[in-house]
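I opened this notebook page to look up the salt bridges. The entries follow the order in which I checked them.

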Amino acid sequence: MKKLFLLAAFFGLLLNSSTEAQQKRVITLNEAIQLALENNYQLKQAENNLDLAEYRIKSEKADFLPSLTSSANYSTQSGQQFVQETLSFTDVTSSSVRGGVNANIPIFNGFNNILTLRSTERSKLSSEEDLKRAKENIIFETATRFLTVLLNKQQLEDAKESLETSLKLLEQTKAQVEVGSRPSVDLYNQEATVANDEFTITQRENALKLARLQLVRSLQIDPLQQYEFAVPDFNPEAAKNSALASQSVNNLVEEALINRSDIRSTEFNIQSLEYQLKLAKGTLLPSLSASASLSSSYSDQATIFVGRDPVTNEAIFEKVNFSDQFFDQRVNKSLGLSLSLPIFNNWNRMTQIQSAQVNLKNAELGLENTKLQVIQEITQALNDYSSYSSQLKAAEKSLIASEKAFETQQERYNVGASTLIELSQAQTQYFNAQSSKTSALYNLIFQEKLLDYYVGKLTGEDISFN
């Protein structure tokens with residue numbers, strides 16, 4: 001008995017663990033956006049590029065400092081060498097050590113360091129704006145996919161509601177056929193309607209699964225885990241009465257030209273190219289630099305005259321030790337100025353100037369094209385928003401009318417004053433009106449987010465569909 005109890009407890013624990021493992025993780029819209037921002041690899045690459053731009057600025061600032069190099073050399077040499085003691089060439093193996101420190105600092109180089117630093121700083125600002133726009137793209141894409149999931153989910157609920165109505169009507173028709181108050185053909189027609197509704201549900205389920213899969217993939221989260229995407233509180237009246245309906249194109253365009261990160265990125269890039277053009281022109285100017293060096297050496301063959309032999313009168317030499325040579329006798333110091341004046345360099349400098357001018361012109365043309373594109377996007381989006389707002393109002397009226405028509409046909413069918421075909425048509429119109437209203441509402445909300453994206457308002461801090 002005890003074994004059976006333990007076995008039951010074991011299987012109960014396994015069942016409980018399996019149930020917990022299958023629990024769905026609920027994700028809200030703002031949580032989905034944060035996951036996308038954290039996991040997107042392209043965003044991480046953009047952040048790495050921004051770090052690289054910061055390193056480049058530090059490098060350009062360091063160019064204002066003098067460059068300092070040190071060198072050391074050790075060598076051995078064998079062969080005929082002149083020996084001072086014997087005043088003759090003798091086979092000798094000698095060793096020598098050399099060492100030195102050199103410093104160089106540019107005094108004037110056509111403002112190269114200053115212009116390069118300014119250009120790099122503007123490039124970094126451009127990269128920062130690119131990063132902001134990349135975040136806006138991810139926020140918009142995530143919100144769009146999240147909205148698509150909600151739309152497919154609502155359409156599936158509408159299809160299930162239609163199937164439930166058809167099943168009730170099927171039971172009613174079956175009972176009426178059995179008592180002979182309805183022909184058998186009505187039963188067959190209603191069975192076909194039920195089958196069609198079931199097929200519609202299958203299509204809607206597949207569309208919902210695909211939308212969820214695309215959203216999960218964009219969030220880069222575990223696709224094997226179960227997720228439930230929370231439906232935010234919708235406010236259709238707020239969507240219909242949004243202040244966007246009264247906004248003018250000019251006001252939205254002016255706001256976009258101020259807010260859009262891609263426009264600011266291009267403007268900073270143009271400033272960077274302007275500095276690069278000045279930098280290219282600066283290569284035509286002379287350059288002046290200062291240098292200083294300190295060096296010394298040691299040789300094991302170095303000798304010094306110390307006197308003459310009193311008997312033979314021959315000169316006496318002694319080898320000089322390392323300390324006396326390297327730190328005293330052979331120390332060399334130098335200071336210098338170097339002036340370089342460019343005269344002719346195979347037109348390379350002129351080509352660099354012309355290339356910088358062309359790059360600057362192309363960037364300016366790109367900025368103008370972006371501004372025109374912003375105007376076109378906002379104009380089209382605002383027109384579409386007005387159109388979807390009108391469609392939603394029309395869909396609501398159609399839904400009210402089709403619902404009343406369906407209820408009327410249902411009552412007439414119950415008393416035998418209407419045919420099944422007429423009732424089925426009324427039901428189909430009612431179902432289509434529900435789908436039209438759902439699509440119109442979600443299209444209106446999507447269009448509002450699209451306008452926010454075009455104007456540059458998407459920050460990801462708190463996005464709602466209200």
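The entries below concern charged side-chain pairs and their surroundings.

Entry 1. I note that the model is predicted. I looked up the total and found 15 salt bridges in the structure.

Entry 2. I examined Lys-124 and Glu-54, whose side chains form a salt bridge at 3.5 Å, N to O. Lys-124 belongs to helix α4 (residues 112-178) and Glu-54 to helix α3 (residues 41-62), so this pair ties together parts 70 residues apart in sequence. I then looked up accessibility: Lys-124 has a relative accessible area of 14%, and because buried means under 20%, I recorded Lys-124 as buried. Glu-54, at 30%, is partly exposed.

Entry 3. I turned to Lys-153 and Glu-228, which meet through their side chains in a salt bridge of 2.6 Å, N to O. Lys-153 lies in helix α4 and Glu-228 in strand β4 (residues 227-229), so the pair ties together parts 75 residues apart in sequence. With a relative accessible area of 21%, Lys-153 is partly exposed. I also found that a network of salt bridges links Lys-153 and Glu-228 with Lys-24 and Arg-212.

Entry 4. I checked Glu-255 and Lys-457, and their side chains meet in a salt bridge at 3.5 Å, N to O. Glu-255 is in helix α7 (residues 249-259), while Lys-457 is in the segment after α11 (420-455), so the pair ties together parts 202 residues apart in sequence. I recorded Glu-255 as partly exposed at 26% relative accessibility. Lys-457 is partly exposed as well, with a relative accessible area of 37%.

Methods. Residues are numbered from 1 along each chain as its sequence is written. This is a predicted model: local features need pLDDT of at least 70, side-chain atom pairs count only at pLDDT 80 or more; totals for chains, interfaces and linings use all residues. Side-chain values use heavy atoms; hydrogens and water are left out. A salt bridge is a side-chain nitrogen of Lys or Arg within 4 Å of a carboxyl oxygen of Asp or Glu. Helices (H or I, at least four residues) and strands (E, at least two) are DSSP runs, numbered from the N terminus. Buried means under 20% relative accessible area, exposed over 50%, partly exposed in between (1.4 Å probe, protein chains only).
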